[in-house]
Amino acid sequence: MKDIFRKNFQSPFAGADYKRPEAADYLRIIAVFTVAWYHIWQQSWVSAGKMDFWVRTGYLWVDALIMLSAFCLFLPYANEWVENGDIKDIRLGDTLRFYKKRAIRLIPGYYLSIMVPFIITLIEKGMSKNLRLICLHT
């Protein structure tokens with residue numbers, strides 16, 4: 001049964017990299033563009049003419065991005081099951097390694113996005129008396 005599934009699974013992707021589908025990147029571009037366009041349209045209410053139907057569906061593409069992310073996160077496990085007949089990578093150590101790599105990738109940007117507006121505000125407004133007291137007591 002697994003051999004039949006493996007044969008049928010790989011045949012439509014002959015010559016293509018089924019481990020990373022290129023169409024997912026294109027769909028991500030379309031979804032991000034549409035969501036951004038929707039937010040701009042929400043603030044301006046400028047008609048998009050004949051494309052108005054498309055911009056009004058921008059909120060739906062947020063769901064598409066979530067589904068696409070879930071698909072791309074699951075795809076390596078599905079490929080391993082097709083190739084080996086078993087998923088060996090689902091262990092506690094691998095899960096912890098996944099989250100550690102994710103944190104190393106995301107936390108610096110998170111802190112940077114907090115610190116840049118804070119520093120700009122300090123430069124523009126100057127340090128207030130309350131902020132000095134908070135800094136001195138910590």
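The model is predicted, so local features need pLDDT of at least 70 and side-chain atom pairs count only at pLDDT 80 or more, while totals for chains, interfaces and linings use all residues. Residues are numbered from 1 along each chain as its sequence is written, and side-chain values use heavy atoms, with hydrogens and water left out.

**Helix H4**

- Helix H4 runs over residues 60-84 and has 25 residues; helices are DSSP runs (H or I, at least four residues) numbered from the N terminus.
- From its first C-alpha to its last, H4 reaches 36 Å, close to the 36 Å expected at 1.5 Å a residue; the expected span is 1.5 Å times one less than the number of residues.
- At Leu75, H4 bends by about 35 degrees, and a proline, Pro76, follows within four residues. The bend is the angle between axes fitted to the seven residues ending at a residue and the seven starting there.
- The buried residues of H4 are Trp61, Leu68, Leu75, Ala78, Asn79, Glu80 and Val82. Buried means under 20% relative accessible area, exposed over 50%, and partly exposed in between (1.4 Å probe, protein chains only).
- Gly85 follows H4 and has a positive phi, near 80 degrees.

**Trp45**

- Trp45 lies in the loop between helix H2 (22-44) and helix H3 (52-55).
- Although Trp45 is not a glycine, its phi is positive, about 60 degrees.
- Trp45 counts as exposed because its relative accessibility is 60%.

**Asp52**

- Asp52 is part of helix H3.
- With 16% relative accessibility, Asp52 counts as buried.
- Leaving aside neighbours within four places in sequence, Asp52 is in contact with Trp41 and Ser47; contact means heavy atoms within 4.5 Å.

Notes: Helices (H or I, at least four residues) and strands (E, at least two) are DSSP runs, numbered from the N terminus.
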